[in-house]
Amino acid sequence: MIMMKKAVVADEQLQSTEAFAREIGIKPASVRKRYNQTGTYFGIRPRKLPNGRLRWPVGAAKLLLEPVGD
């Protein structure tokens, strides 16, 4: 008998690496490189799909683009 994992459906909205990179104004390859080096893109962790593609939280780019400090 073959056992299959059940897919977990999350309420979180996700976007492609290309869309995430476009929002922050850089190349998708830069996002992928940083992810491969550190496992995040400056603290933002993507979800990795079973096919190996990365999906980033929608709205996470705002966190990177917000001014910091006073």
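Threonine 17 lies in helix H1, where helices (H or I, at least four residues) and strands (E, at least two) are DSSP runs numbered from the N terminus. The structure is a predicted model, in which local features need pLDDT of at least 70 and side-chain atom pairs count only at pLDDT 80 or more, while totals for chains, interfaces and linings use all residues. Residues are numbered from 1 along each chain as its sequence is written, and side-chain values use heavy atoms, leaving out hydrogens and water.

**Overall picture**

- Of the 70 residues in the chain, 26% are buried, a word that here stands for under 20% relative accessible area, with exposed meaning over 50% and partly exposed lying in between (1.4 Å probe, protein chains only).
- When contacts (heavy atoms within 4.5 Å) are taken between residues at least 6 apart in sequence, 44% of them join residues at least 24 apart.

**The sheet**

- The 3 strands make an open sheet in the order S1-S3-S2 with antiparallel pairing, and two strands count as paired if DSSP finds at least two bridges between them.
- Strand S1 (14-16) and strand S2 (47-48) are at the edges of the sheet, and because each has a single partner strand, one side of each is left without a neighbour in the sheet.
- Between S1 and S3, which run antiparallel, there are 3 bridges, and in this pairing glutamine 15 stands opposite tryptophan 56 in S3.
- S2 is joined by 2 bridges to strand S3, made of residues 54-57, and this pair also runs antiparallel; arginine 47 faces arginine 55 in S3, and lysine 48 has leucine 54 in S3 as its bridge partner.
- S2 and S3 form a hairpin with 5 residues between them, and in the turn glycine 52 takes a positive phi of about 95 degrees.

**Helix H1 and threonine 17**

- The buried residues of H1 are Thr17, Ala19, Phe20, Ala21 and Ile24, and these buried residues pack against S1, H2, S3 and H3.
- Just after H1 comes glycine 25, which has a positive phi of about 75 degrees.
- Threonine 17 has a relative accessible area of 3%, and therefore counts as buried.
- Its side chain makes a polar contact, at 3.0 Å, with the side chain of tryptophan 56; a polar contact is a pair of N or O atoms within 3.5 Å, where within protein one must be able to donate a hydrogen and the other to accept it, and residues adjacent in sequence count only if both atoms are side-chain atoms.
- If neighbours within four places in sequence are left aside, threonine 17 is in contact with Pro28, Val31, Arg32, Leu54, Arg55 and Trp56.

**Glutamine 15 in the sheet**

- Glutamine 15 belongs to strand S1, and with a relative accessible area of 10% this residue is buried.
- The side chain of glutamine 15 reaches the side chain of glutamate 23 in a polar contact of 3.1 Å.
- Not counting residues up to four places away in sequence, glutamine 15 touches Phe20, Glu23, Leu54, Arg55, Trp56, Pro57 and Val58.

**The salt bridge**

- The whole structure contains 1 salt bridge, that is, a side-chain nitrogen of Lys or Arg within 4 Å of a carboxyl oxygen of Asp or Glu.
- Arginine 32 and glutamate 18 form a salt bridge, and their closest N and O atoms are 2.4 Å apart.
- This pair links distant parts of the chain, since arginine 32 is in helix H2 (residues 28-38) and glutamate 18 is in helix H1, 14 residues apart.
- Arginine 32 is partly exposed at a relative accessible area of 34%, and glutamate 18, at 36% relative accessibility, is also counted as partly exposed.

**The nonpolar core**

- The largest nonpolar core has 11 residues in all, namely Phe20, Ala21, Ile24, Val31, Tyr35, Tyr41, Ile44, Leu54, Trp56, Ala60 and Ala61; such a core is a set of buried Ala, Val, Leu, Ile, Met, Phe, Trp, Tyr and Cys residues joined through side-chain atoms within 4.5 Å.
- At least two residues of this core come from each of H1, H2, S3 and helix H3 (60-65), and H1 gives the largest share, with 3 residues.
- Tyrosine 41, with residues up to four places away in sequence not counted, touches Phe20, Ile24, Ile26, Ser30, Val31, Arg34, Trp56 and Leu64.
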